[in-house]
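Here is a short note for a colleague who is new to this structure. Please read the points with the model open.

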Amino acid sequence: MLYGIAAAATALLVTALLAAVLRIPALRLRLVERRRQRDVPLSGGVAVVVVTGAVVGVREWGSAGSGIGGLLVAGGVVALLGLVDDVWRLRRRVLVAGTAVAAVCVVPYGETGVGTGLLAAGWAVGVTFAFRGLDHADGLAGTVGVVTAFGVAACAAIDVLDGVAVLMSVLAAALTGFLLHNWHPARVALGSCGSMSVGFVIALGLVHVRAGFGLGESAGVLFALTALVSADAVLVLLARRSVGRPVVRGGPDHLAHRLRRLGLTVPGATVLLAAGAVSGVLVGVLAHAGRLGGDALWWVAGVALVVVFALSRVPVYADRRTVSPQVRASLRVRNG
């Protein structure tokens, strides 16, 4: 326990320092994202990945090991893939294929079986890109990542899976250090490197925790713990398809965008969405612990559907006939 506390504290402080140190090189190398008419360097993702990998790696390879070495390596591969995307903007199919291969390689098939394991890998890919989509708003991806990682850590602790619990705790602490620079107005961002690796590690960590449980119940727990990111992804997909917009084309159509259209500030939208993430995670943890039944999981799904339906009515796509070329160009900036 003392090691876990020390590791988390180290991760928080070192990530906060490293994200600040890497900010200047990122600006000089133009490793930035255009956000509200200003350049935000993508040094936060590199800091989170490096510190989390180093802190957990020291424990993993400096002891008898806890079986998460493969997950660390796969997460690093996804982070590297995301970093290449930050620099050169890879095609979406390349990102999906690389993430899928990494996920397939670390699913615990001995406990899940091949069929269920492949389903879990596909779900993990979806969560990875859902987290990537959250990195359009200051503080949102980091805050939801902290909440979800702590939830997975709690589930792992219940089952005495120390390796996964430490990994998630360190990741949550690193994201907290990152948030010191990412809260509005953000001075750094995660980028594909950070957001994809965070989503990937959280998703596969949860797959390891639920391996061996029933498929139906596990699906409910997995959804509850990732309800916010799932709702955001579903809303975006449905909205873009309904207007004939390419799914891979970014736009101001996420949950946070729509809440801002309703008058909320950037921090206000982030806090409200974080509260929703906490609610889903709490239900998921209690269900995993056997304190809540399947009815609670259905309630989470119902609330998510209501939110998606209600916010889908908020107009977000401007009429191209009344928008200037300069505004249209700004809307092409990648938002997820």
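1. Helix α3 passes helix α4 in a left-handed crossing (the near helix is turned anticlockwise from the far one by less than a right angle; clockwise would be right-handed). Contact here means heavy atoms within 4.5 Å. On the α3 side the contact is made by Val46, Val49, Val56, Gly57, Glu60 and Trp61. On the α4 side it is made by Gly69, Leu72, Ala79 and Leu83. By class, this contact has 7 nonpolar, 2 polar and 1 charged residues, with Gly counted as polar.

2. The basis: this is a predicted model, where local features need pLDDT of at least 70, side-chain atom pairs count only at pLDDT 80 or more, and totals for chains, interfaces and linings use all residues. Residues are numbered from 1 along each chain as its sequence is written, and side-chain values use heavy atoms, leaving out hydrogens and water.

3. Now the geometry of that pair. The axes of α3 (residues 43-61) and α4 (residues 69-88) come within 11 Å and cross at roughly 160°. The two are therefore roughly antiparallel (angles over 145 degrees).

4. A second pair is α5 (residues 92-106) and α7 (residues 114-134). Their axes are 9 Å apart, at an angle of about 135°. α5 passes α7 in a right-handed crossing. Among the residues that meet are Arg92 and Leu95 in α5 and Phe129 and Arg132 in α7.

5. Finally, Ser192 lies in helix α10 (residues 191-210). Ser192 counts as buried because its relative accessibility is 0% (buried means under 20%, with a 1.4 Å probe and protein chains only). Its side chain joins that of Arg132 in a polar contact of 3.0 Å (a pair of N or O atoms within 3.5 Å, one able to donate a hydrogen and the other to accept it).

Methods: Axes fitted to C-alpha atoms, helices over the stretch in contact; angles between N-to-C directions. Helix = DSSP H or I, 4+ residues; strand = E, 2+ residues; numbered from the N terminus. Parallel < 35°, antiparallel > 145°, perpendicular 65-115°, else oblique. Buried < 20%, exposed > 50% of the residue type's maximum accessible area, 1.4 Å probe, protein only.
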